[in-house]
Amino acid sequence: MLELFPTSRRSIGSGDEATRRTLLLMRQAIREGATNWEVRYAAVELVRNLPARNQVAEVDTVYRWLQQNLRFTRDPAHVELIHGPEVLLRLIRQDGITAADCDDFSILGASLVLVLGYPVRLKAVSLDSRREFSHVYFEVLLNGRWIAFDPIRQDRRLGWAAMGITRAVVLPV
């Protein structure tokens, strides 16, 4: 079951096809977020005190902000919730922090980074021997290199990616 916050609910099935459909919905949410004035305002506010054109500092600031304002929480059993970036921003403004799983981290983070002018791509990965996709994050193009952007662990920094990836699929945004 897939629920696109706040009202759309669809069954997405399982397996590779369900992963592909989820990635396409995520890409749609990111693209829409990158044209949303709330997302643009939030991104500009995050980087306004940084030196202009400091790409790494801008992207790292978004990364650290997500770590401070999102708490990793799984979706309900048998339901895939996809929150738009503007919804997550409103919840953060209202409550100071909000629950999010890896797709929510990716949607909000990629929207904020994309609206600041950095190309991004989604990456779904398998971390087990069954090779089923179990995690998603995004990569950002910085200084000609794709850098992992996966802030769900508080003890990791920009560029960290999980070890033991057995399979991956990439979707340009």
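**Entry 1**

I began at Leu142, which faces Arg145 in strand 8. This is a predicted model, in which local features need pLDDT of at least 70 and side-chain atom pairs count only at pLDDT 80 or more, while totals for chains, interfaces and linings use all residues. Residues are numbered from 1 along each chain as its sequence is written, and side-chain values use heavy atoms, with hydrogens and water left out. I took helices (H or I, at least four residues) and strands (E, at least two) as DSSP runs, numbered from the N terminus.

Strand 7 and strand 8 make a hairpin with two residues between them. In the turn, I found Asn143 with a positive phi of about 50°. Strand 7 covers residues 135–142 and pairs with strand 8 in the antiparallel sense over five bridges; pairing here asks for at least two bridges between two strands in DSSP. I also looked up Glu139, whose bridge partner in strand 8 is Ala148.

**Entry 1: the sheet and its helices**

For directions, axes are lines fitted to C-alpha atoms (for helices over the stretch in contact), and angles between N-to-C directions run from 0 to 180 degrees.

**Entry 2: what meets helix 5**

I checked helix 2 (residues 37–47) against helix 5: their axes come within 9 Å and cross at roughly 75°. Helix 2 and helix 5 are therefore roughly perpendicular (65 to 115 degrees) to each other. Val39, Arg40, Ala42, Ala43 and Leu46 of helix 2 meet Ser111, Leu112 and Val115 of helix 5.

Then I turned to helix 4, whose axis comes within 9 Å of that of helix 5, with a crossing of roughly 95°. That makes helix 4 roughly perpendicular to helix 5 as well. Here Pro85, Leu88, Leu89 and Ile92 in helix 4 meet Asp104, Ile107, Leu108 and Ser111 in helix 5.

**Entry 3: the core**

Which residues have the most contacts inside the largest nonpolar core? I noted Leu108, Leu112, Val113 and Val140, in a core of 41 residues. Such a core is a set of buried Ala, Val, Leu, Ile, Met, Phe, Trp, Tyr and Cys residues joined through side-chain atoms within 4.5 Å, with buried meaning under 20% relative accessible area (1.4 Å probe, protein chains only). Helix 5 gives the most to this core, with eight residues. Leaving aside neighbours within four places in sequence, Leu112 is in contact with Val39, Ala42, Ala43, Leu46, Val62 and Trp65.

**Entry 4: Phe133**

Last, I visited Phe133, in the loop between strand 6 and strand 7. Its C-alpha atom is separated by 7.8 Å from that of Gly15, 118 residues apart along the chain. Beyond neighbours within four places in sequence, the contacts of Phe133 include Asp16, Thr19, Ala124 and Arg167.

Conventions. Parallel < 35°, antiparallel > 145°, perpendicular 65-115°, else oblique. Contact = heavy atoms within 4.5 Å. Buried < 20%, exposed > 50% of the residue type's maximum accessible area, 1.4 Å probe, protein only.
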